[in-house]
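Q: I'm new to this one. Could you take me through a single part of it closely, the way its pieces touch one another?

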Amino acid sequence: MSTAANDAPRSRGKAPAGERVADWADGRLGIYSLAKANMRKIFPDHWSFMLGEVCLYSFIIIILTGVYLTLFFHPSMNEVTYHGSYVPMQGQLMSEAYKSTLDISFDVRGGLLIRQIHHWAAIIFLAGMFVHMMRVFFTGAFRKPREINWLFGFLLFVLGMFTGFTGYSLPDDLLSGTGVRFTQGAILSMPIVGTYISMFLFGGEFPGTDFVARFYSIHILLLPGIMLGLVVGHLILVFYHKHTQFAGPGKTNKNVVGMPLLPVYMAKAGGFFFLVFGVIAAIAGIVSVNPIWAIGPYRPDQVSTGAQPDWYMGFAEGLVRAMPGWEINFWGHTLVLGVLIPLVIFGVFLALIAVYPFIESWVTGDKREHHILDRPRNAPTRTAFGVAWVTAYMIMLIGGGNDIVATHFHLSINAVTWFVRIGFFLGPVLAFIVTKRICLGLQRRDKEKVLHGRESGIIKRLPHGEFIEVHEPLSQEQLHTLTAHEQYEPAEIGPTVDENGVERKVKGSEKLRAKLSGAYFGEESQIPKPTVEEYKEITSGHGHH
Amino acid sequence: MKKLSARRRHPLAALVVLLLALAFTGGLYAVFAPASKAQADQTAQSLAIDEGKKLYAVGCASCHGTGGQGTTDGPSLVGVGAAAVDFQVGTGRMPAQQPGAQIPKKKVIYSQAEIDQLAAYIASLGAGPAIPSAEKYGPEGADIAKGGELFRTNCAQCHNFTGKGGALTYGKYAPSLEGVDPKHIYEAMQTGPQNMPSFPDTTLSEQNKKDIIAYLDAVNSDDTVNPGGLSLGGLGPVSEGLFGWIFGLGLCIAVAVWVAARTAKAKKS
């Protein structure tokens with residue numbers, strides 16, 4: 001600050017280069033306080049906490065490879081004749097978009113590898129987001145204060161679906177063209193607005209000459225731009241909230257036990273990025289994805305069997321394939337229920353998982369912060385709901401691939417479709433009941449272990465001839481881990497008569513809440529965890545049990 | 001001429017004209033009709049028909065009837081032609097093992113000579129497409145790209161983009177065309193076996209058929225090179241998605257487990 005400081009003897013010599021660079025940057029960007037606050041941020045160690053990282057890294061890989069692809073792709077539907085190096089397409093008429101994709105695959109150095117990395121990374125990105133979302137769901141990591149971040153993540157998943165879909169449509173090949181036609185059909189099924197939206201989107205009748213260029217800007221600019229913003233927001237919130245952790249000794253709702261971001265997590269995460277990149281690149285180098293040269297250019301008069309969207313849209317495909325082709329003709333207007341109903345279910349079904357955190361917090365009435373994760377078994381109703389949701393989702397994936405299932409398991413496609421139709425309603429119910437029973441069984445097992453210890457497998461014969469199995473008591477740490485979760489009491493409707501003896505009207509929502517709360521936390525839905533008294537009584541007396 | 005025109009109202013004039021016309025068409029037919037087979041050939045042919053009839057009586061008659069007239073268990077074979085027999089028996093589909101939604105391809109149990117005899121017998125029941133000669137389905141002069149376009153227009157909706165097969169209703173299916181003899185592909189197009197529509201030469205010309213066969217040979221045969229690597233059955237996004245989930249995400253998770261298990265030793269400070 002003052003000249004006096006400069007005059008002071010420099011006993012320590014010149015600062016190291018890194019320090020000087022950091023100092024230079026801090027003087028201009030003020031990053032010191034930011035770095036100080038965040039560099040020692042603690043991250044707990046658990047493999048399931050790294051699923052989000054798989055998504056982040058595959059997203060980065062998609063952006064990097066995508067930039068390379070834009071250098072060679074021509075988003076144009078001008079009709080050209082192919083004279084490139086792929087023989088079975090020689091002399092065929094095709095759009096410039098399809099031709100440039102063929103050129104990327106066969107004539108651009110490294111083009112096919114980059115294309116396959118891009119596509120595989122997209123498939124893995126979406127799968128990673130799905131699994132990451134389920135991890136957050138089943139461990140209750142969406143509870144306060146993380147509801148907003150849950151919604152951010154959900155939006156990323158949905159936007160990822162549509163970004164993937166628009167990207168799949170860009171090469172203008174016969175497979176994706178069929179998919180775009182399918183989408184146009186879904187748009188047309190919307191009452192009143194459908195035809196207008198379709199005309200605006202395609203610039204006239206399908207397919208027109210505009211949609212590739214339009215999907216291109218949506219695919220490379222609009223949606224990834226929003227996603228990038230959401231990813232940044234998602235990560236800022238992760239930093240702000242700090243990471244959740246599983247219950248264990250020394251872990252409380254007020255601390256995070258793990259390793260600091262710098263240097264440990266930086267090294268781990270950096271290494272993990274290259275491992276994920278390596279896995280995706282190796283797969284892309286070995287396994288073909290979307291071989292558009294075999295599929296052929298899009299022509300509206302052609303179609304192939306086995307025309308499915310990429311997996312993340314398979315759910316929507318399944319809904320339409322399973323739905324009977326109903327339609328209503330009303331005053332010269334057609335309402336295509338066979339497509340409209342699946343479209344509505346698609347939205348409602350996705351929204352169901354998105355709003356679940358708010359439903360749960362309303363039922364529990366719990367407005368506290370939660371930083372300790374639930375083990376799925378300790379929240380049986382939530383776990384059962386999640387499994388039911390996943391079951392319905394997976395059944396619809398089967399529906400989306402009903403023809404492939406039929407041919408490869410030598411079944412009738414009609415039988416598969418009927419299985420899907422019934423399974424969509426019955427499967428989730430069965431999954432709900434079975435999952436809840438399994439959770440309760442596991443809770444009982446935990447209680448048994450806490451009270452009686454672990455079965456050691458050693459059989460002891462007592463002097464009077466009785467055989468007993470020796471149970472080893474659990475360690476203090478294990479006992480803590482198994483009993484750290486809290487259990488809710490079912491909410492009551494509260495007094496209906498006030499102090500003056502006036503009866504108040506009980507609202508329907510109140511009754512519903514009490515009913516749901518009873519279903520969540522009633523006797524049928526959780527096993528009371530062992531109390532200290534129970535533990536003492538059992539362990540103080542006889543040595544066995 | 002005058003004499004002729006004078007008698008044009010004669011009651012027998014019409015008869016004379018008719019006789020002349022018949023003689024003229026008969027003469028034309030005699031000139032243009034294929035010459036009848038040589039006597040020796042005829043004997044070989046009738047021998048083959050006799051042998052074929054015996055084979056037919058043993059292997060086929062229980063369903064198709066003793067004279068190929070068909071029963072409730074099998075369709076009439078009158079007029080299906082030698083090509084249909086060569087396809088059905090040559091791919092092992094016939095004789096059928098059991099009735100069902102569709103008769104599958106299986107091991108061929110007749111020798112080519114026996115198949116030819118059977119074909120000769122069936123062809124003798126009524127005219128139908130003959131077994132194509134080798135140059136009709138050979139690769140010479142075929143346009144692969146054109147074949148691809150024809151395939152995508154006429155065949156892909158059941159057989160998939162490159163002929164990997166697909167599902168039809170109620171357990172029926174369009175089989176994979178991988179490793180199918182070009183002759184059998186030609187015959188199938190011509191005769192339309194089982195659930196397949198037939199594509200006679202008026203619909204798909206001989207050149208079209210040749211192009212399609214050449215295209216299939218280029219994209220779906222043992223020596224097809226897949227530039228992208230493993231093709232995952234060529235079934236499209238379903239197998240790609242499954243692979244992505246199991247191996248793509250599976251490997252990433254395996255790596256995550258490995259990374260998470262290796263933690264830094266905390267320094268006491």
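A: Let's start with what "touching" means here: two residues are in contact if their C-beta atoms, placed from the backbone, lie within 7 Å. Keep in mind that this is a predicted model.

Now to chain B, which is split into domain 1, covering 40-125, and domain 2, covering 134-219. Going by C-alpha atoms, the centres of domain 1 of chain B and domain 2 of chain B sit 23 Å apart. Where these two meet, 13 residues of domain 1 of chain B are in contact with 13 residues of domain 2 of chain B. On the domain 1 side of that meeting place, you'll find six nonpolar, five polar and two charged residues.

How far can you trust chain B? Its mean pLDDT is 87, with 94% of its residues at 70 or more. Among the elements of chain B, helix H12 (residues 237-261) has the highest mean pLDDT, 94, while helix H1 (residues 2-6) has the lowest, 75.

For the complex, the predictor gives an ipTM of 0.90 and a pTM of 0.88.

Conventions
Residues are numbered from 1 along each chain as its sequence is written. Chains are lettered from A and ligands numbered from 1 in the order in which they are written. This is a predicted model: local features need pLDDT of at least 70, side-chain atom pairs count only at pLDDT 80 or more; totals for chains, interfaces and linings use all residues. Domain bounds come from an automatic or database domain assignment. Ala, Val, Leu, Ile, Met, Phe, Trp, Tyr, Cys and Pro count as nonpolar, Asp, Glu, Lys and Arg as charged, and the others, Gly among them, as polar. pLDDT is the predictor's confidence in each residue, from 0 to 100. Helices (H or I, at least four residues) and strands (E, at least two) are DSSP runs, numbered from the N terminus.
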